[in-house]
Amino acid sequence: MCVRARRPMWRTPPRSGTVYYVLRWVISFPLTWLNPFFAFYASTGYFDTDELMSGTRRQRLGLFATVVVVAGAQAGGLPFRSPVQWVLFGVMLVANNALLMAVGHLNQQEGQRSRDRAVTIAELERTNKALQQALDENAALHAQLLVQAREAGVADERRRLAAEIHDTIAQGLTGIIAQLQVVASAPDLPTARTHLDRASTLARHSLGEARRSVQNLAPVALENDGLPEALKKTVAEWGERTGVRAEFTVTGTAEQLHEEISATLLRIAEEALSNASRHAHATRLGLTLTFLGDEVILDIRDDGRGFDPLAVPARSTAAGFGLDGMRARAERVAGFLTVESEPGHGTALSARVPLVRHDR
């Protein structure tokens with residue numbers, strides 16, 4: 001296969017180009033003098049002036065010399081033998097120069113457009129490169145966000161399960177142990193059977209709650225009842241089991257709450273009751289559920305021995321969830337938990353959460 005060498009494009013024409021252009025004109029002039037037909041050879045100077053000659057002045061002189069030869073041929077050939085030929089030569093000289101100027105202007109515009117296109121293309125290439133880089137960075141960031149979201153979801157699910165297990169299995173086992181301890185020192189068989197029945201009920205309840213926690217379902221107490229009824233039963237059962245005088249009160253107009261809000265407040269109440277039975281040694285406890293405009297407030301007060309909230313140690317792995325767990329539950333639904341307590345003067349907990357109605 002034959003490969004044709006491409007002619008190099010010089011930025012600055014060499015001096016030999018000017019010599020070649022002049023030599024060609026010197027040859028074309030006598031040929032055209034002999035026969036106007038040879039003007040086609042001289043006209044080649046129109047097409048390669050900018051490639052062979054450097055400098056605008058030289059190029060114009062070269063073109064003018066070419067126009068003289070071509071216009072002489074168009075006027076009837078050299079030498080001129082009549083005034084008409086001189087007039088025609090002048091007209092053709094002006095016409096050819098005007099044509100060259102028009103073509104030169106168009107070429108200049110086209111060259112400028114080509115340069116503008118080259119600049120635009122270069123700018124587009126830079127923009128595309130920057131855009132591609134941004135897309136790559138966005139893709140990497142998106143992948144990183146997906147990983148972080150997945151990790152956050154796993155961590156949140158672990159926290160949820162840990163809190164649910166603490167609120168169900170751990171509290172249930174604590175209650176069962178307490179009932180079995182009473183059985184061990186029961187004075188008669190009926191008393192022992194009563195506490196064994198309570199322990200069995202707690203075991204079945206804890207097992208059901210554990211299963212529902214794993215499946216992320218609502219607590220058993222809320223399966224058939226609303227939050228006020230569930231809290232009333234929970235407080236009554238807790239008071240009967242612990243022997244503490246417990247009262248439940250509802251203020252405001254009760255409304256059907258969203259499942260997540262109801263479950264959160266119920267779990268907070270269960271944890272507060274568990275803490276009261278294990279640590280407070282109270283003789284009276286009151287739980288109030290208040291429906292107040294766009295908020296639901298759960299207050300738990302006892303007359304136990306109390307504690308210093310500022311002296312509560314940080315939660316360890318084996319220390320349960322306690323106040324931290326209740327506070328985390330309230331914050332998870334855009335609420336908050338406040339604690340007021342003093343050694344020897346009981347404890348008051350207040351959980352405030354948004355009133356989100358049940359989806360119908």
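In this predicted model, Glu 270 forms a salt bridge with Arg 267, the closest N and O atoms of the pair being 2.9 Å apart; a salt bridge is here a side-chain nitrogen of Lys or Arg within 4 Å of a carboxyl oxygen of Asp or Glu. Both residues belong to helix H8, which covers residues 259–280, and they are separated by 3 residues, about one turn of the helix. Helices (H or I, at least four residues) and strands (E, at least two) are DSSP runs, numbered from the N terminus.

A second pair joins two strands. Arg 352 forms a salt bridge with Glu 295, with 2.7 Å between the closest N and O atoms. Because Arg 352 lies in strand S5 (residues 347–354) and Glu 295 in strand S3 (residues 295–302), this pair ties together parts that are 57 residues apart in sequence. Arg 352 has a relative accessibility of 25% and therefore counts as partly exposed, and Glu 295, with a relative accessible area of 23%, is partly exposed.

Helix H9 (residues 322–332) holds both Arg 327 and Asp 324, which are 3 residues apart, about one turn of the helix. These two residues form a salt bridge in which the closest N and O atoms are 3.8 Å apart. Arg 327 counts as partly exposed because its relative accessibility is 28%, and Asp 324 is partly exposed with a relative accessible area of 38%.

Side chains of opposite charge can pair when their charged atoms come close. A search of the whole structure finds 9 salt bridges, and Glu 110, Arg 113 and Arg 117 are linked in a network of such contacts.

Another glutamate, Glu 223, is found in the loop between helix H6 (189–214) and helix H7 (227–242). At 49% relative accessibility, Glu 223 counts as partly exposed. Although Glu 223 and Glu 259 are 36 residues apart in sequence, their C-alpha atoms are 9.8 Å apart in space.

Residues are numbered from 1 along each chain as its sequence is written, and side-chain values use heavy atoms, with hydrogens and water left out. Since the model is predicted, local features need pLDDT of at least 70 and side-chain atom pairs count only at pLDDT 80 or more, whereas totals for chains, interfaces and linings use all residues.

How values were computed:
Buried means under 20% relative accessible area, exposed over 50%, partly exposed in between (1.4 Å probe, protein chains only).
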